[in-house]
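Welcome! Keep the model open as you read.

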Amino acid sequence: MTKDIFSNQYWEKAWEDDPNTQDKRMKRAGLGDPSTPGFEKWAENFNKNSFTEESQHRTKRIMNWIEQQTGRFSNLSVLDVGAASGVFSVPFAKEGAKVTALEPSPILHDMLKDNANHYGVTLKTLNQSFEDAQLEELGQHDLVFASMCPAVTTWEAVSKAIDIAQKFVYVSLIAGPKENSIVDEVVAFLDEESQPMTADMYYLLQLLYFNDYTYETLIERHTQHNDKPIEDVMQQLPQWLKEVELDEQQLESVEHYLRDKYGDTIPVITGGKFGKVLIHV
């Protein structure tokens with residue numbers, strides 16, 4: 001066993017077999033599928049929040065960290081995997097990068113094209129999933145970029161990104177259990193058990209080390225404090241709880257409990273530890 005942990009095969013299998021990785025938990029909960037009910041509303045909210053002052057500040061902070069290692073983005077060819085509505089694709093293009101944005105959701109892909117037009121940038125878009133796209137279709141790029149992208153949460157996907165990249169691969173992943181004060185409170189109220197999500201970043205760093213890659217990494221903890229209408233909290237609760245299925249009676253009990261304690265506005269603290277890694281190819 002001791003020898004096994006010093007091999008990349010051990011860590012590949014451990015990541016693949018772990019039932020609580022981000023990818024497996026999302027699939028079990030039916031999240032992230034563009035065909036599921038509610039996805040369009042989620043996409044609209046995501047797009048609305050992607051270009052706020054707070055979001056642009058976060059985007060700039062991440063891009064500055066990458067630029068410290070890569071140099072200027074001007075004329076750098078970038079493949080943005082899981083580009084969504086362009087939260088990073090548009091700023092990369094603004095900095096002079098040659099951007100190819102890969103987004104499988106038709107809804108988000110249309111928003112991406114609209115945002116590129118609105119902000120006056122030129123980029124290439126592909127309405128296709130990273131998993132299904134062939135290497136020859138994607139071509140070679142200086143930087144393959146995947147920010148909290150569900151399609152790049154396995155070693156197979158990271159290896160594919162490395163094969164496409166000529167210089168760098170950027171991946172950000174969960175680096176610790178996600179935090180949500182209302183989820184913790186509701187789980188305790190219902191006497192349920194909630195299995196924390198595995199820190200995918202842990203597996204990735206082990207495999208990069210054993211495969212002899214050079215990389216920089218940064219682990220940060222972020223939290224947000226928001227006051228939400230109880231109607232919004234109850235609407236989001238099933239998604240927050242993911243694999244804990246609540247029946248109508250339980251939902252009614254939770255709503256009565258929250259109203260009695262907080263009234264019509266619920267203070268919600270969310271966050272967690274998030275990891276960024278820039279791989280030198």
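Helix 1 and helix 10 run roughly antiparallel to each other (an angle over 145 degrees). This is a predicted model, in which local features need pLDDT of at least 70 and side-chain atom pairs count only at pLDDT 80 or more, while totals for chains, interfaces and linings use all residues. Residues are numbered from 1 along each chain as its sequence is written, and side-chain values use heavy atoms, leaving out hydrogens and water.

**Helix 1 with helix 10**
- The axes of these two helices (lines fitted to C-alpha atoms over the stretch in contact) come within 9 Å and cross at roughly 160°.
- Contact (heavy atoms within 4.5 Å) involves Asn8, Trp11, Glu12, Ala14 and Trp15 of helix 1, and residues of helix 10 including Tyr203, Leu207 and Phe210.

**The buried side of helix 10**
- In helix 10 (residues 200–210), Asp200, Met201, Tyr203, Leu204, Leu207 and Leu208 are buried (under 20% relative accessible area, with a 1.4 Å probe and protein chains only).
- These residues lie on the same side of helix 10, because they cover an arc of only 160° around the axis (taken from the directions from the axis to the C-beta atoms).
- Their packing partners include helix 2 (22–28), helix 8 (155–164) and strand 5 (165–174).
- Just after helix 10, Asp212 has a positive phi of about 65°.

**Helix 9 with helix 12**
- Helix 9 (residues 181–190) and helix 12 (residues 248–262) pack at about 120°, their axes 11 Å apart.
- Among the residues that meet here are Phe189 in helix 9 and Tyr257 in helix 12.

Definitions and conventions: Axes fitted to C-alpha atoms, helices over the stretch in contact; angles between N-to-C directions. Helix = DSSP H or I, 4+ residues; strand = E, 2+ residues; numbered from the N terminus. Buried < 20%, exposed > 50% of the residue type's maximum accessible area, 1.4 Å probe, protein only. Parallel < 35°, antiparallel > 145°, perpendicular 65-115°, else oblique.
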